[in-house]
Amino acid sequence: MRLCGWLMLFLGIIFSFLDPLLSQEDEIYARRRENMVRRQLAARDITDKKVLEVMGKVPRHLFVGPRYQRRAYEDYPLPIDEGQTISQPYIVALMTQHLKLKEGEKVLEIGTGSGYQAAVLAHLTDKVYSVEIREGLAKKAAQTLKKLKYSQVQVKWGDGYFGWEEHAPFGAIIVTCAANHIPPPLIDQLKDGGRLIIPVGSTLYYQTLTVLTKVGEELRVEHILGVRFVPMVGEAQKREGK
Ligand code: SAH
C-alpha cells in the first residue's frame with residue numbers, strides 16, 4: 001500500500017514536468033503550421049479561406065512517423081510506411097480547393113495512405129469515405145483518425161479503382177495515386193455537378209493533375225499542373241497496357 005502511494009506520487013511529479021513540455025511542443029507545431037499556411041499556401045494560389053483555415057488546424061506531424069515529425073510542415077512530400085508518400089502540403093491544399101466541397105456533400109478519397117488528406121476533408125464535410133489498397137496502411141490510418149477523433153471518416157481496405165459503390169453518388173472524388181487513365185467506375189459514381197481530381201499520365205514519371213466536372217452527360221476537363229504521385233496499383237495497373 002505504502003509503496004503504491006510513493007509510486008503514485010513519483011508518477012505525479014514526472015507527469016507534472018512532462019505536461020508543460022508537451023503543450024510547449026504543441027505550440028511549436030502550431031506555429032510551424034501557421035508559417036506553412038502563410039508561406040507555402042496563401043503566398044501561392046490557395047485563396048479559399050476555409051481551405052487555409054483547415055490546413056492550419058490538422059496536425060500533419062501526427063500522421064507521419066516520429067523521425068519525420070519535425071519536417072512535417074516543410075514544403076515537400078514525406079515518406080509514410082510501405083514505400084508510399086504523403087503529398088506536399090501545397091498539393092493537398094490545391095487538390096482540396098479544386099474539390100469545391102460543400103458541407104454535407106459526400107466525398108470519396110482513393111489512396112488513404114496516412115489519413116492526412118482524409119482528415120483535411122473531414123473539416124469540410126461530415127461524409128468522408130476513403131479506400132486504401134494496402135491493408136497495413138488502411139488499418140493504421142483508421143487507427144490514427146480514430147485517435148484524433150475524426151469519427152466522420154470511414155476507411156475501407158480495397159481497390160479504389162472500383163470506387164465505393166454502396167455510398168455513391170459522390171459530390172467529389174479525390175484520387176491521391178497516379179493512373180494512366182481515369183477509372184470508369186469513378187466517373188459513374190460522381191453525381192451530376194460532381195468534381196473528380198486525379199493525377200493522370202505516366203505512372204513511372206510525371207502526371208497532370210486533372211479536374212473533371214460532370215455536367216449531365218458531359219465531362220468538362222481542366223488541366224492544373226504537372227505532378228508526381230505514387231502509382232495506383234491493382235486493377236489500374238492490370239489495364240495500363242491494354
Ligand atoms: N492521401 C494520402 C497519401 C496517399 S499516397 C495521405 O494523405 O497520406 C497514395 C496511396 O494510394 C498509397 O497509400 C497507396 O497504397 C494507395 N493506393 C495505390 N493504389 C491504390 C488503389 N488501387 N486503391 C486504393 N489505394 C491505392
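Of the 242 residues in this protein chain, 46% count as buried, where buried means under 20% relative accessible area, exposed means over 50% and partly exposed lies in between, with a 1.4 Å probe and protein chains only. Before I go on, a word on the source: this is a predicted model, in which local features need pLDDT of at least 70 and side-chain atom pairs count only at pLDDT 80 or more, while totals for chains, interfaces and linings use all residues. Residues are numbered from 1 along each chain as its sequence is written, and side-chain values use heavy atoms, with hydrogens and water left out.

Let me begin with the overall dimensions. The C-alpha trace spans about 75 × 40 × 35 Å along its principal axes. Among contacts in the chain with a separation of 6 or more, 55% come from residues 24 or more positions apart, a contact being heavy atoms within 4.5 Å.

Now to the secondary structure. The chain has seven helices and nine strands, taken as DSSP runs numbered from the N terminus, with H or I of at least four residues for helices and E of at least two for strands. Seven strands form an open sheet in the order S5-S4-S3-S6-S7-S8-S9, with mixed pairing, and two strands pair if DSSP finds at least two bridges between them. At the edges are strand S5 (153-157) and strand S9 (218-227), each of which pairs on one side only. On average, neighbouring strands of this sheet are turned by 15 degrees against each other, direction ignored. Strand S8 (residues 207-215) pairs with S9 in the antiparallel sense over eight bridges, and Leu-212 stands opposite Val-221 in S9. Helix H5 (residues 135-147) lies across strand S4 (127-132) and S5, running at about 165 degrees to S5; here axes are lines fitted to C-alpha atoms, for helices over the stretch in contact, and angles run from 0 to 180 degrees between N-to-C directions.

How many residues of helix H3 (residues 89-99) are buried? Eleven of its eleven residues are, so this helix is mostly covered. Just after H3, Lys-100 takes a positive phi of about 45 degrees.

Turning to the rings, a search of the whole structure finds five aromatic pairs; rings of Phe, Tyr and Trp (its six-membered ring) pair if their centres lie within 6.5 Å, and planes under 30 degrees apart count as stacked, over 60 as edge-to-face and the rest as tilted. The rings of Tyr-29 and Tyr-73 are tilted, because their planes stand at 50 degrees, with the centres 6.1 Å apart. Since Tyr-29 lies in helix H1 (residues 2-42) and Tyr-73 in the loop between helix H2 (49-55) and strand S1 (78-79), the pair ties together parts that are 44 residues apart in sequence. Phe-63 and Tyr-116 make an edge-to-face pair, with centres 5.7 Å apart and planes at 70 degrees. Phe-63 is buried at a relative accessible area of 6%, and Tyr-116 is buried at 1%.

Finally, Gln-189 is found in the loop between helix H6 (184-188) and strand S7 (190-201), and it counts as buried at 3% relative accessibility.
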